Amino acid sequence: MAGPGRKRDFSPVPWSQYFESMEDVEVENESSKDSFRIYRIGSEGPVLLLLHGGGHSALSWAVFSAVIFNRINCRVVAIDLRGHGDTKVKNSEDLSAETMSKDVGKVIEAIYGEDLPPIMLIGHSMGGAIAVHAAASNLVPSLLGLCVIDVVEGTAMDALNSMQNFLRSRPKTFRSLENAIEWSVKSGQIRNLESAKVSMVGQVKKCEDHLSSVDSKAFEGIIEEEEEEEEGESNNKRKKEDDLELKECSYTWRIELAKTEKYWDGWFRGLSNLFLSCSVPKLLLLAGVDRLDKDLTIGQMQGKFQMQVLPQCGHAVHEDAPEKVAEALAAFMVRHKFTESKGGFQCLFPAC
């Protein structure tokens with residue numbers, strides 16, 4: 001951490017510091033070929049198939065992937081989902097749970113053919129919902145287990161009402177990648193600078209038209225640390241910065257999440273019972289115990305899944321605390337004998 005007077009380094013970090021390879025996997029559809037960007041580590045052991053949250057990309061799993069690979073025998077495959085990252089599909093606006101879960105099955109088939117390795121599905125937020133839908137629809141025949149990170153039907157449905165306000169409050173543009181990384185950390189969207197430096201590269205893109213992509217909500221992301229401003233002063237400050245930086249816009253979000261609203265209900269409604277209905281061993285990782293809804297509370301009391309709360313994390317739990325998430329997942333997989341530990345990792349659960 002930077003000391004007093006030292007400037008923090010917000011420079012982006014390449015994917016290759018965490019993953020071994022990157023490739024585009026072609027999936028054939030009825031009228032076209034879609035290309036899904038994936039990142040990989042390892043060549044043996046069960047596959048950890050990682051599905052990111054809305055607006056993020058496979059790179060949100062970068063730091064976690066490197067950590068978990070050093071904990072257990074496994075291979076990691078992180079996918080840029082439809083409409084996200086560097087994946088290119090004919091219909092990028094179809095983000096329905098049905099379409100996206102089918103994508104997961106098709107990508108697995110395209111990578112491995114008929115010789116499917118055992119697969120552990122792991123998803124965060126929207127990706128967690130897609131993982132549940134894919135598992136419940138038997139789209140992953142060799143499924144070992146299911147891990148869902150910080151997505152619960154009750155909380156998610158309640159949050160939908162305020163989601164548009166949250167999206168409107170975000171900067172629309174950034175002067176540079178460094179600026180986007182700085183905003184993500186100082187705003188608390190990602191609380192781990194190491195993760196932000198690789199993850200934000202997958203969340204933003206170069207503005208195609210600098211002027212047309214900037215609107216009155218543009219804000220170049222410099223947030224004073226530990227300084228609270230009155231709302232009026234803050235708005236005035238933003239307006240001045242908007243005017244000054246209007247012609248300097250370089251980066252904007254890769255996906256306009258506000259336009260995906262019609263799919264939100266389909267991602268989350270009925271998710272708790274769908275999760276509980278999956279017959280494989282299940283792990284639920286939450287940022288707070290208050291996120292549990294009634295169905296999951298009952299299911300947890302009945303021992304239908306394992307749950308762990310990781311406090312002091314934001315919503316992007318695997319980015320904020322990659323070591324803790326890796327530890328929880330490694331312990332879960334070793335406990336169920338899905339794999340073996342390596343590198344001196346000790347499972348903390350007595351049942352391991």
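Q: Which residue of β4 is the bridge partner of Ile38?
A: Ile79 is the bridge partner of Ile38. Strands (E, at least two residues) and helices (H or I, at least four) are DSSP runs, numbered from the N terminus. This is a predicted model, in which local features need pLDDT of at least 70, side-chain atom pairs count only at pLDDT 80 or more, and totals for chains, interfaces and linings use all residues. Residues are numbered from 1 along each chain as its sequence is written, and side-chain values use heavy atoms, leaving out hydrogens and water.

Q: In which sense, parallel or antiparallel, does β4 run with β2, and in which with β3?
A: Two strands pair if DSSP finds at least two bridges between them. β2 (residues 33-41) and β4 run antiparallel, joined by 4 bridges. β3 (residues 47-51) pairs with β4 in the parallel sense over 5 bridges, and Leu51 has Ile79 as its bridge partner in β4.

Q: What is the handedness of the crossover from β3 to β4?
A: With the strands pointing away from the viewer, a right-handed crossover runs clockwise from the first strand over the helix to the second. Here the chain passes from β3 through helix α1 (residues 62-69) to β4, and this β-α-β crossover is right-handed.

Q: Which way do the residues of β4 point?
A: In a regular strand, side chains alternate between the two faces of the sheet. Arg75, Val77 and Ile79 point one way from β4, and Val76 and Ala78 the other way.

Q: Why is β4 described as largely enclosed by the rest of the structure?
A: Buried means under 20% relative accessible area, exposed over 50%, and partly exposed in between (1.4 Å probe, protein chains only). β4 (residues 75-79) is largely enclosed because 5 of its 5 residues are buried.
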